[in-house]
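Let's walk through this structure together, one feature at a time. Keep the 3D view open as you read.

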Amino acid sequence: MRLRDFINDKWLLIIGIPLVGFIMPLIFNRFSFQFLFSEGYRNMVMSVATTIIIWLGIRKIVITLWERHPWEKNPWRHLIYEVILVTIYTSMVGFLSYLVYVNTDFVTLAEDFDLVPSIAITLLVTYLITCIHEAWFFFTQWNISLVKAQTLEKENLQSQYETLKSQINPHFLFNTLNTLATLIEENQTIAVRYVENTADFLRNILNLKDKEVITLEEEFGIIRMFYTLQQQRYGSNLELTITSAEKNLSMLLPPLSLQMLVENAIKHNIISSERPLRIIIDAQQPHQVRVSNNLQKKDTGKSSNGIGLQNIRNRYDLLSNQKVWIRQTDEVFEVVLPLLEAE
């Protein structure tokens with residue numbers, strides 16, 4: 001989501017450019033209306049044209065700096081670059097305009113015209129235009145942030161709802177109770193631990209309700225708890241391998257992203273002693289975590305609705321400009337999630 005996609009400053013341009021374009025010749029010619037409406041009307045045309053070039057150039061500079069050096073991350077760098085770029089750009093346009101004034105017959109300058117005060121006045125006006133755009137973009141960015149926060153909250157609630165719904169349903173409860181009944185007969189200590197693990201897993205999901213992102217290490221903790229529960233059902237037919245570079249563990253991702261991918265792999269693939277399911281979570285590459293599994297789809301007669309993957313994509317779109325990468329072959333299904341840095 002880029003700032004320029006949300007900017008709606010049409011009326012600011014429609015009103016601002018002609019206004020400044022008409023006022024500047026009045027200032028430079030000592031507010032001589034007689035001069036302007038006789039031989040000086042061409043100065044007015046030249047002034048409006050110059051104002052369009054300067055205004056749109058400043059607008060481009062401000063937008064680019066907002067995207068590359070946002071105020072909230074590095075305000076001093078944004079300010080310094082802005083002053084330098086606006087000053088250089090305005091001076092260049094102003095100098096080229098002056099060359100047109102002195103080398104053509106299209107425009108006429110007042111006899112007492114002084115270049116230095118004119119440049120100073122032009123710079124003051126351009127700084128004013130810059131401030132207007134900064135204020136406008138601050139307001140725009142505030143609106144974007146508000147929409148993002150509201151949408152992200154909705155997406156997180158949907159994520160928790162989908163995860164809980166997939167766990168606390170008749171099928172899941174049937175399998176959980178079956179596993180628990182078997183464990184009670186075989187080993188009551190393990191049965192108690194299984195119940196505790198189930199409660200801990202659900203409690204951890206509920207604790208994520210107010211979090212937009214969590215660390216990779218926290219997500220790994222949730223995955224291991226979920227895998228422990230699934231192993232009680234599938235045993236050695238389900239294999240999970242997790243590897244990670246140490247520096248990636250403190251990086252961030254939307255909560256339950258990996259858990260949903262592991263859950264989808266278990267849900268949509270055959271798991272048996274003849275065809276074990278192997279899930280690999282690899283975060284050894286910088287700034288990314290890769291989830292893959294051998295593909296052996298169940299023939300359920302129903303196509304996947306893709307809610308889980310779309311939910312993950314939507315949350316990444318809200319949190320960053322980085323994209324989720326998906327690859328599927330006849331043998332492997334693979335998803336690569338970018339890891340985010342703390343701001």
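Helix H4 gives the most to a nonpolar surface patch, with nine residues. This is a predicted model, in which local features need pLDDT of at least 70 and side-chain atom pairs count only at pLDDT 80 or more, while totals for chains, interfaces and linings use all residues. Residues are numbered from 1 along each chain as its sequence is written, and side-chain values use heavy atoms, leaving out hydrogens and water.

The patch covers about 1,100 Å², and Trp76, Ile84 and Tyr127 are among its residues. Helix H4 (75-103) and helix H5 (115-167) each supply at least two of its residues. Helices (H or I, at least four residues) and strands (E, at least two) are DSSP runs, numbered from the N terminus. Patch residues have over 30% relative accessible area and no salt bridge; like charges are joined within 9 Å, and nonpolar side chains (Val, Leu, Ile, Met, Phe, Trp, Tyr) within 5 Å.

Now look for charged pairs. The structure holds five salt bridges, each a side-chain nitrogen of Lys or Arg within 4 Å of a carboxyl oxygen of Asp or Glu. In one of them, Arg290 pairs with Glu334, with the closest N and O atoms 3.3 Å apart. This pair links distant parts of the chain, as Arg290 is in strand E5 (residues 288-294) and Glu334 in strand E7 (residues 332-338), 44 residues apart. Glu334 counts as buried at 9% relative accessibility, whereas Arg290 is partly exposed at 25%. Buried means under 20% relative accessible area, exposed over 50%, and partly exposed in between (1.4 Å probe, protein chains only). Arg290 and Glu334 also join Arg327 in a network of salt bridges.

Conventions. Accessible areas come from the Shrake-Rupley method with a 1.4 Å probe; for residues, only the protein chains shown count as cover.
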